[in-house]
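Visitor: I have a model open and would like a quick walk through it. Can we start with the overall layout?

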Amino acid sequence: MKPSAFAYRRASSLSDAVAALAANADAKIMAGGQTLGPMLNLRLAQPAEIVDITRIPELCATSETSDWVNLGALVTHAAIEDGLVPDPTRGFLARVAHGIAYRAVRTRGTVGGSLAHADPAADWLSCFTALGAQISISGPTDTRRVPLHGFMRGALDTDLAPGEILSAVHLPKFSANARFGYAKFCRKDGEFADAIGAALLDPDRAIYRLVASTTAGAPIVIEAGAAFAPEEIPARLDAAGSTGDSYERRLRAVILKRALAEAMGK
Ligand SMILES: Cc1cc2nc3c(=O)[nH]c(=O)nc-3n(C[C@H](O)[C@H](O)[C@H](O)COP(=O)(O)OP(=O)(O)OC[C@H]3O[C@@H](n4cnc5c(N)ncnc54)[C@H](O)[C@@H]3O)c2cc1C
């Protein structure tokens, strides 16, 4: 199918894009277009106007402070995979990026688009949540910075208000002893995962965080202690509201155990 007719506008700055959204309640942002493109073609989305944000320099920028790495929303999966942006995880992010879809999708797909679309199976949602990421959200009056955990309210549903743009992702810097783990189960390479597990063990900062994707909503977060045993995972997931049938819940637990085992060096 072809998309229904829409007006097209290329925004030159973040304020220009925010103004375009404010001027037309039926406008929609396009970043990498890897999800929005098919949705337009299938007419699952029929916006009156597309606001193209891909040429906004401030959304492509990266920076660092003593405690944070800041990635503009337009940083692509491929840029992370290729090590072209600062990586506070010493290569862990590149590995996660490499597992997203196919290279063609990674070349255009963006971190901002991935988080804003809020597919429960999206890799960055689980990975960045485990890392304790924050995001910046820019609207007509200000830019607010909030934890990523809590941003996703459900499948394809976020805390973004109409007219707001996810403008940056902020990743904390980790101690030298921090360890990371990531595992996912896909029926076919390059496709969305049936289950994702992510783990961050940063003993110097007393952070022992496990994250499991869900099929229906936001990732499940387990704040585990230093003495946490992998055998506790199924019960902790169930207590945290793990949904689905017994196969789905078991798969989620197995994949999260694999992520934890990697972080523990096993
Ligand atoms: C075949 C295929 C396989 C895939 N497999 C995976 C996978 O295994 N893992 C995975 O994580 N992802 C996967 N994806 C998703 C892909 O990686 C992109 O992350 C995703 O398409 C969204 O990023 P985008 O930049 O293309 O956003 P777009 O398609 O441009 O936009 C998606 C949605 O987000 C909104 N949006 C975009 N940017 C912003 C912003 N900055 N602020 C507010 N709203 C915004 C748009 O309005 C739209 O509603 C796959 C995609 C395809 C086509």
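Visitor: How far apart do the C-alpha centres of domain 1 and domain 3 lie?
Guide: They lie 34 Å apart. Keep in mind that this is a predicted model.

Visitor: Which residues go with which domain?
Guide: The domain assignment gives domain 1 as 7-52, domain 2 as 61-172 and domain 3 as 179-263.

Visitor: And the overall dimensions, what does the C-alpha trace span along its principal axes?
Guide: About 55 × 45 × 30 Å.

Visitor: How many helices and strands are there?
Guide: The protein has ten helices and 14 strands. Its radius of gyration is 18 Å, close to the 18 Å that the globule rule gives for 266 residues, so the protein is as compact as a globular protein of that length. Of those 266 residues, 42% count as buried.

Visitor: On to the ligand. Which residues come nearest to it?
Guide: There are 29 residues around the ligand, and Gly32, Gln34, Gly109, Gly112 and Gly113 come nearest. The elements that give two or more residues to this shell are β2 (27-30), α6 (103-108), α7 (111-117), α8 (123-131) and β10 (165-172).

Visitor: Which of them gives the largest share?
Guide: α7 does, with five residues.

Visitor: What is the shell like, in terms of nonpolar, polar and charged residues?
Guide: It divides into 15 nonpolar, eleven polar and three charged residues.

Visitor: Where does the ligand lie relative to the domains?
Guide: Between domain 1 (7-52) and domain 2 (61-172), because both give residues to the shell around it.

Visitor: You listed α8 there. Is it buried or exposed?
Guide: α8 is mostly covered, and nine of its nine residues are buried. Among them are Trp124, Cys127, Phe128 and also Asp123.

Visitor: What follows α8?
Guide: Gly132, which has a positive phi, near 75°.

Visitor: You also listed β2. In what order do the strands of its sheet run?
Guide: The order is β1-β3-β2, an open sheet of three strands with parallel pairing. β1 (7-10) and β2 stand at the edges and have a single partner strand each, so one side of each is left without a neighbour in the sheet. From one strand to the next, the twist averages 25°.

Visitor: How many bridges are there between β2 and β3?
Guide: Four, in the parallel sense, with β3 covering residues 49-52.

Visitor: Switching to Asp16. Where does it lie?
Guide: In helix α1, which covers residues 14-23.

Visitor: Why does Asp16 count as partly exposed?
Guide: Because 14 other C-beta atoms lie within 10 Å of Asp16, and partly exposed covers counts between the 12 or fewer of an exposed residue and the 20 or more of a buried one.

Visitor: How far is Asp16 from Ala130?
Guide: Their C-alpha atoms are separated by 33 Å, and the two residues are 114 apart along the chain. Ala130 is one of the buried residues of α8.

Visitor: Last one, β14. Which side chains point to which face?
Guide: The side chains alternate along β14 (residues 220-223).

Methods. Residues numbered from 1 in each chain as written. Predicted model: local features only at pLDDT ≥ 70, side-chain atom pairs only at ≥ 80, totals over all residues. Near = placed C-beta within 6 Å. Nonpolar A, V, L, I, M, F, W, Y, C, P; charged D, E, K, R; others polar. Domains from an automatic or database assignment. Pairing = 2+ DSSP bridges. Axes fitted to C-alpha atoms, helices over the stretch in contact; angles between N-to-C directions. Rg over C-alpha atoms; globule rule 2.2 N^0.38 Å.
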